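Good morning. I have one structure to go through today, so please have a look at it on the screen before I start.

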Amino acid sequence: MGVEICVEGLTKSFGHQVIWQDVSLTLPAGEVSVMLGPSGTGKSVFLKTLVGLLKPERGSITIQGRDITRLREHDLYEVRKLFGVLFQDGALFGSMNLYDNIAFPLREHTRKSESQIRRIVLEKMDMVGLIGAEGKLPGEISGGMRKRAGLARALVLDPEIILFDEPDSGLDPVRVAYLNQLIVDLNAQIDATFLIVTHDIASARQVPDNIGLLFRRELVMFGPREELLTSDEPVVRQFLNGRMQGPIGMAEEKDAAQVEQELAQLGDAGHTTTPGSQELPPRLLPGPGITRPARWQAIAEREGALRRREVAGA
């Protein structure tokens, strides 16, 4: 079962440069959350801060009643055992085959026998669809397979929190679709708390229970998927629709007058929607044979109620 992560007033800087400030959110236990934001908004920095690799200037990160920003290194090491991390490139050792890559955390951090390690490694490889590829080197397989191998390695210590740093980077749309289904299926099976940093809007629309958006050194919004997908917040709508009109510019933020003019022109062209009327796409469900956690029913009811309100207001 996953654990809740409560973030309060978190601020991170490098020298005089503020990356983000006063970030507060709660990642619900066992749910899938996605963090979005334009390039350079500190999404990966946020992941590293959550796992204790970077220290914030202010704020707290509470996990199982402990504020990890105040823990000594020994105690922080114990909390990190709750985490599994999938890095962008899988972070595999090029000289090791997939089996040894996935076994590495077990050999480093446990005293399990090789027969126990073999059972665990093959179980995790089976979960991500890599049975039969144990002897292959990372350089001999596709990017999608490397991601899955990295995910299997993140799973071997049975973490209660899994962080994904742009898992879809470098993958074609078909492999992204397979990876998204794998993430949803794994969450239903192991019920861990997932946080995914991504730029992929299709993934953000289909996969998570919750979505957050970082922009202008702040957390603009964080909440249930359907709230953000139907939000009237200009930066949220611009990012989720992938359009130029709005507060996000190519190299820097736009001034308020320019944003207002662009949004007015967009409205004149008949491309805007009435408040709250944005279409809510269907959520990706676990595959056949995978039991869905009880919370999925609550999500379906919540989204159904939102659709009914939209129809009533149309």
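I will go through strand pairing and then helix packing.

A caveat to begin with: this is a predicted model.

I start with the open sheet. Four strands form it, in the order E2-E1-E4-E5, and the pairing is antiparallel. At the edges are strand E2, residues 17-27, and strand E5, residues 66-67, each of which pairs on one side only.

Strand E1 covers residues 5-14 and strand E4 covers residues 58-63, and five bridges join the two in the antiparallel sense. If you want a residue pair to locate it by, Val7 has Ile61 in E4 as its bridge partner.

Now the helices. How do H3 and H5 cross? Helix H3 is residues 98-109 and helix H5 is residues 143-155; their axes come within 7 Å and cross at roughly 30 degrees. Angles under 35 degrees count as roughly parallel, so H3 and H5 are roughly parallel to each other. The crossing of H3 and H5 is right-handed.

Which residues make that contact? From H3 there are Leu98, Asn101, Ile102 and Pro105, and they meet Ala149, Ala152 and Arg153 of H5. By class, the residues of the H3 contact with H5 are five nonpolar, one polar and one charged.

H5 also packs against helix H6, residues 173-190. Here the axes come within 13 Å and cross at roughly 15 degrees, which makes H5 roughly parallel to H6. The crossing of H5 and H6 is right-handed. On the H5 side the contact involves Arg148, Leu151 and Leu155, and on the H6 side Leu182, Leu186 and Ile190. The classes in the contact of H5 with H6 are five nonpolar, no polar and one charged.

To recap the helices: H5 is roughly parallel to H3 and roughly parallel to H6.

Terms used
Residues are numbered from 1 along each chain as its sequence is written. This is a predicted model: local features need pLDDT of at least 70, side-chain atom pairs count only at pLDDT 80 or more; totals for chains, interfaces and linings use all residues. Side-chain values use heavy atoms; hydrogens and water are left out. Two strands pair if DSSP finds at least two bridges between them. Axes are lines fitted to C-alpha atoms, for helices over the stretch in contact, and angles run from 0 to 180 degrees between N-to-C directions. Angles under 35 degrees count as roughly parallel, over 145 as roughly antiparallel, 65 to 115 as roughly perpendicular and the rest as oblique. A crossing is left-handed if the near helix is turned anticlockwise from the far one by less than a right angle, and right-handed if clockwise. Contact means heavy atoms within 4.5 Å. Ala, Val, Leu, Ile, Met, Phe, Trp, Tyr, Cys and Pro count as nonpolar, Asp, Glu, Lys and Arg as charged, and the others, Gly among them, as polar.
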